[in-house]
Structures are given as structure tokens and as C-alpha cells.
2 protein chains.
Amino acid sequence: MSARRKVDMMAKQESDGTQRSGLADGARPTLKTIAFMTGLGVTTVSRALKDAPDIGEETKKRVKLIARQVGYRPNRAGVRLRTGKTNVISLVLNTDEQLMGFISDIISGVSEELADSPYHLILTPVSGHNDPMDPVRYVVETQSADGIIISQIEPNDARVRYLVEHGFPFATHGRTHMGIEHPWHDFDNHAFARQAVHALAKAGRRRLALLAPTPRLTYYRHMSDGFAEGLIETDAAELPFRDAWVDMPIEEIKAQALKLMRRPTPPDGIVCGSGAGAFALVSALEECGLRLGEDIDIVTKQSSRLVQMFRPRLLAVNEDFRRAGRELAKAVKASIAGADPTTLQTLYVPETVERVGQPPRPEFQGP
Amino acid sequence: MSARRKVDMMAKQESDGTQRSGLADGARPTLKTIAFMTGLGVTTVSRALKDAPDIGEETKKRVKLIARQVGYRPNRAGVRLRTGKTNVISLVLNTDEQLMGFISDIISGVSEELADSPYHLILTPVSGHNDPMDPVRYVVETQSADGIIISQIEPNDARVRYLVEHGFPFATHGRTHMGIEHPWHDFDNHAFARQAVHALAKAGRRRLALLAPTPRLTYYRHMSDGFAEGLIETDAAELPFRDAWVDMPIEEIKAQALKLMRRPTPPDGIVCGSGAGAFALVSALEECGLRLGEDIDIVTKQSSRLVQMFRPRLLAVNEDFRRAGRELAKAVKASIAGADPTTLQTLYVPETVERVGQPPRPEFQGP
DNA sequence: GGCTCATACTGTAACGTTACAGTTGGATTG
DNA sequence: CAATCCAACTGTAACGTTACAGTATGAGCC
């Protein structure tokens, strides 16, 4: 640029007074501020910061330098109003659940993945007695986010249908069976249940029960299929345990588990679909005088470190919710960027079953 | 309004074509849409929806009716750009913590309180190795929220000082000791620890240990003072337990607890500052062959329903994080509204210590 | 009949950004 | 040497909202 023009600009701006210069004392710097300081136009500054091809290299450097010096950050409301891009991702959470720390792990994972991105994370709560469709509709209708993450997925999920129909970017924690391709992340509950049965069979267990999720949810089928498959392969017997599921309040799980264990022939092995459920089961069996690791074995998911504190031996596989959060965040970001949904589907296959916790009977006696 | 003027307006608008009418097919209705439909000016519609005093009752009714019919929702970006009000509350969370479900309970409480308000909840993560000041500065500097909720409060907390100095609305989960009045909600850890000691003394326990939080945090002092006070009142002895605190990873708490319990004279009672910590303690003492409720008693906080699943008898008081979330949300909202901070300080005093869990030895033997 | 006054409305400008359609000045071309 | 082209910049308008400073209308008053 010519020196002359620059000086002209400076003079013109100065005559306008500080009010219009965008340099008002404590206020946040805007594009105008930088435009004034560099003697460039607002548009040029905007484009320079975006590395537009029609801006000179020198100019870009200068603009970026000043932008950094004054601590310029684009005004989100301005961008949002102009472009419609919110730079927000909404995570829909059921706020009634009191299931251990797994929600905070998902949140941590999502935050982690979003940390170096322009995205803010907003929480959109659903309460169990409301239509799970409400928050989704709200976000889409008010365009309060660029993408959305939902969980508790059903095989035929109205929310997924709605989001696909509206072309709204999203990712689900769990799969559907609707013949619609969409971004998802899931834990392989089929593999989990099958491996669990094998592990129990290897420990000599023959009468197995499954604490499954609500039949309403997709992964109910995955888990019960895996369980059934394991039973056939190991020739073990199933003890129906259909009055309890992992999504119930933990006290109710325990109550149902007590009934199960007080049957004439109680199970000698249980596959437990959630870490929290395992607490209820262990509590119940202790109350019945059954000894974990001796009379009965339990396989569960090590969804929290708390599971490691189980005193008797417990069998567990690791379900990493933090990782799930990261995967989900990645998937929505890519979905927003317009990626093919079939490339945004990840299945986390659990590692083999391990024993956690300490030995069933203390070797060491206190002083 | 005169019929004539209305007709004029309609005619004028119609000649403008649909493009400018704000009635473009699937698009979100704006003030312009309603202005067109009612034949009023955009300003009038805006003011009518706000119940401004200079708008006629008839007009208000008509505008509101149409607004409801077309499903009008103010565009947040527009409002934010114009007024500076974000209608967002930021909750700062440490995303390293893996402490049980208490984070999700706080989130639920906050969401609950914000449900019928215009506020959205955004999560601003801090990682433990970053300066806790960073997210606070970010929110204030970029004005990305109208108010902020922080936790893990220290007696002399730089964040609180910063927020007060900048006149930025906030609420803290925990108190400070800086001689600065600000909105807070806190659990009475002094009362908790004192009551806990009394409960242990009543059960005949004489050698007591305290699993306290990091000394850095304000409530460390509250808890240890309450503990000390209880000791004096009950004439019990303290067994120092200073290498562990409730904020450590649960495995480390357990490791430290093992050392404590393997001392020549182990404690016969422990006051445990967190529900998660209790899992580690119980795990440790079982590993040492100590029997909970017989050789030793533990008092903890029933911060999660999981604590109820403790097989042996455990003493616990209820710490309601959901309620804490609600209180904090209320406090920020009031702080934003400009309320006197001294009226926004609530202390949750725990109820008396209760036994939870089932009896120590099973009365019932399985079949 | 002119005056004031209150009521009920109005248009304009601005918040900060970006898409778009220019404009300028110099170099390259036929 | 005029025509063309390109690089590097520019201003204007618009997104949806609200603050502000009006304006038109009719009533009430002297």
C-alpha cells in the first residue's frame, strides 16, 4: 500500500475523534480497532485474519501482529448474526440419571476434544418425564448450536429421523436400526456380554443371569444377543432376570437382585450391564450371605475407578466414557464440516475381561 | 390505530415483494415477520412483546397472539450484539476430577434452576495443570456469559478478587476468607466434621482420623476445625492422617489408608470428607482384615446413592449437590440482577449422622 | 381556532461481522 | 499506446435486535 493513502486514513480517522476510532479505553478491540491502527479497511482486516488469498503477505503479517498485541477476539454475536454459525455444540443430557460419574466423563471427553476449537459446549437438559424430542427440536428450531450430541438411543429413534430430515449435524452415543446412516459412537455391548459369559463359563459358572438395560434402548438387543450367543457357545443356562435393568434407581436394582438371589436355585454368575448396577448386585448378594468370587461371580463394566475399590474379586472390562466423549465430539465436528456419515461411525470393542479389586479373603491380618 | 394507515402499510410492504417481507417460507420468524403480519413497525412489535408502557393494550394482545402463532423466538445473536446481554451462564468445571457423580448432580441442579429462564448453560473446562484463572479471565474478557459459577474455592482466591474487581456477576461453591462479600453456597463442613466425631464417640470410638481435602481449599480449615472441636468436646484422640486428602486419585487414597491402618495402633474411627473417599477407605480396611462397624467405624458424606450400597454399616450425612447446583444458579441469577451479595450467601447445614447400608453380618443364609 | 399535551406509534442508527460488488494503480499485452 | 488484466485493497449492505429521537393523531383547554 502507498504511504500516502495510509497517512490520509490516519488523518481522516483522527479528525473523527476517539469515539469512532474503536479505541475507546477499556473496551474490547474489534475489527475497527485494528483497521484504525493499521490504516486499513475493516474488510481487509477481516480477510487478512482469515488468510484470504487476495490480501498481501506483508499486510497479513502486520494485521495479525497487531491483532495479537491488542488481544483481538472475534465477537461471537457478530459472527453468529452475520453467518448463522454459532460455534456451539449442544450436549443433550438426561438430568435425572444419577448413574455414577459417567456423565462427567463424557463431558470431560467432549470438552477435551473441543478445547482447541472455536466451539463452546452448551448443555441442554432433558428431564425423564419430558419428550426427549423437545430439546432436539429446540436446538434445531432456534439454531442455538451447529451440532448436537444425543444419547439413550432407541432402535427407531425419532430424534435421529428428525435430525437427518432437517440436515442438522449430530452424533449419537449408541446406534439405531432404521436403515439410516448417521454419525455414531458405541461401545460393543454384544462383544462385552459374549466375552462376559465366556469368562464366567471359564470360572465354572453354569447358571447365568443378565442385568440388561431397558428394552427400549438399542443396546438392550446388542447386549442380550451377545449374552445369548455366549450361552450357546458355552452351553450355560440362563436364569431370566427381567424385572430389573441398569437404568433403574439403584435401590430398585438391589431389591430385584435380592429376589433373584433368594430363588431356590440362584445364579452363580451375573453379567452386569453397568458399573453402578454392580454395586447394587454386590450389596444384594452380601445381604444374602453369598460370597463374591466363591459362590458367585459378577462381570461388569469398569466405567469408574470406583469399581476398582470392590473388595472381593470382580470381573470387569473397561468402558472408557471419556474416550466416548472425545469420539462423539470428533464426529459432530466432522458432521458439521459435512463429512460422509458412514465415515463417522466408531465402535469401541472392549478388551478382555479382567479381575479387579483385591483377593476375596485377606491374606494379611491387622496387628 | 387507524384502518387507513394499516392498509397503507400493507400496500407498501406488498409492493416490496416477499423477499423483504420476512415471510420467506421455512425461515425462522423475526420481528420483521410479525411487523409485516400486523402492519406495525418493527420497533412497535419489539416493544409490544416487552410490555412497554407506550404501546396500546389492543396492539400488545394482537402482537403477542401472532408471535405465538408463528412461533417467534428472539434471535439470541441479535439481542446479544445489540444489548451485550448473552443470556448465558458459565459453569467452570475441572475436567480431571473423576469423583463420583457429584459433578452431574451439580449440573442437574443448575439446569433445573435455569430451565424456565432465558439462560443457557455453557461449560467452561479447566484442566488441573492449567491456571484456574484462565477460564474466568476468558469468560470476562470475551463476555461470553452474563455470570459464572466457580468451585474449588481457596481462602484467598484470585478468581474471586478478579471477578469482584471487574464487577462481573458470579457465585462460588465454597467460601473465601478475604474480607470481600460475594455470593456463595457452601456445605457446612465444620458442622459435618464435628457431628461426625460426636457420632463416632457415641459408638465408643476413641482414636480418630480425618480424611480432609487439600489444605489449599477453604473447606479444609472448616473441616479440620470442626474435627478438632469435636475431639475436644468428646475427649477423643487424633491420629494424624495428613498424607491423603479427598481430592487425590482414589487409588492413592487407598494406598495411604493402608499405611494408616497398618500402624501399630490403627484408628478405630475415621471421618471421611467425601463419598468417593469412603470407597477407598472401606476397600483398604477390608484388605487389612478390619471389619467395618466392628473394629472401626467410618462417617462419610452420602453424596451419591452408591454410598447406600455399602454392605457393612457406614455412618453418613447427606450432602445434596443437586440442591447446591440450584442454590448456585439462583445466586448467579440474582447477582446478574444486581442483588446485594450479602443476601446471596447460603450455608447448607447437614442433618444428623445416620447409619446407612445393611447390617455387618448377614442374618440370612442363602439356600 | 390555535394551543398544549398525552398516547401510540414510527424510522434511523448502531452493535461486529462478512458477502459482494466494486475501485485503484501498476504491470502486461497486442 | 491504449486495452486488458491482476493484485490488493475498499465501501456498502445486511444479519435481528433495541435505544433514541422523533411524528401523527386526537383530546382537552383557553
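Which residue of β11(A) is the bridge partner of A:H185? The legends below treat this pairing and other close-up views.

**Figure 1. Pairing of β5 and β11 in chain A of the predicted model.** The bridge partner of A:H185 in β11(A) is A:T346. Strand β5 (residues 184-187) of chain A is joined to β11(A) by 4 bridges, and the two run parallel. Strands (E, at least two residues) and helices (H or I, at least four residues) are DSSP runs numbered from the N terminus, and two strands pair if DSSP finds at least two bridges between them. The model is predicted: local features need pLDDT of at least 70 and side-chain atom pairs count only at pLDDT 80 or more, while totals for chains, interfaces and linings use all residues. Residues are numbered from 1 along each chain as its sequence is written, chains are lettered from A and ligands numbered from 1 in the order in which they are written, and side-chain values use heavy atoms, with hydrogens and water left out.

**Figure 2. The open sheet formed by strands of chains A and B.** The sheet has 12 strands in the order β11(A)-β5(A)-β4(A)-β3(A)-β1(A)-β2(A)-β2(B)-β1(B)-β3(B)-β4(B)-β5(B)-β11(B), with mixed pairing. At its edges are β11 (345-348) of chain A and β11 (345-348) of chain B, each of which pairs on one side only. On average, neighbouring strands are turned by 20 degrees against each other, direction ignored.

**Figure 3. Strand β4(A) and its surroundings.** Over 3 bridges, β3(A) and β4(A) pair in the parallel sense, and A:I150 stands opposite A:T172 in β4(A). A:F170 and A:T172 point one way from β4(A), whereas A:A171 and A:H173 point the other way; all are buried (under 20% relative accessible area, with exposed over 50% and partly exposed in between; 1.4 Å probe, protein chains only). Helix α14 (residues 321-336) of chain A lies across β1 (88-94), β3 (147-150), β4 (170-173), β5 and β11 of chain A, and runs at about 155 degrees to β4(A). Such angles run from 0 to 180 degrees between N-to-C directions, with axes fitted to C-alpha atoms, for helices over the stretch in contact.

**Figure 4. Helix α8 of chain A.** Within α8(A) (residues 133-142), A:M133, A:P135, A:V136, A:V139, A:V140 and A:T142 are buried. The buried residues of this helix pack against β1, β2 (120-126), β3 and α9 (158-165) of chain A. Just after α8(A), A:Q143 takes a positive phi of about 50 degrees.

**Figure 5. The largest nonpolar core.** A nonpolar core is a set of buried Ala, Val, Leu, Ile, Met, Phe, Trp, Tyr and Cys residues joined through side-chain atoms within 4.5 Å. The largest one has 64 residues, of which A:M261, A:L281, A:I298 and B:I298 touch the most other members. Leaving aside neighbours within four places in sequence, A:I298 is in contact (heavy atoms within 4.5 Å) with residues including A:L200, A:I270, A:C272 and A:L281. Apart from this core lies another, of 41 residues, among them A:I103, A:I106, A:I149 and B:L114.

**Figure 6. The interface of chain A and chain B.** In the interface, 60 residues of chain A are in contact with 60 residues of chain B. The buried area is about 5400 Å², of which carbon and sulfur atoms give 59%; this is the accessible area (1.4 Å probe) that the two parts lose on being put together, summed over both.
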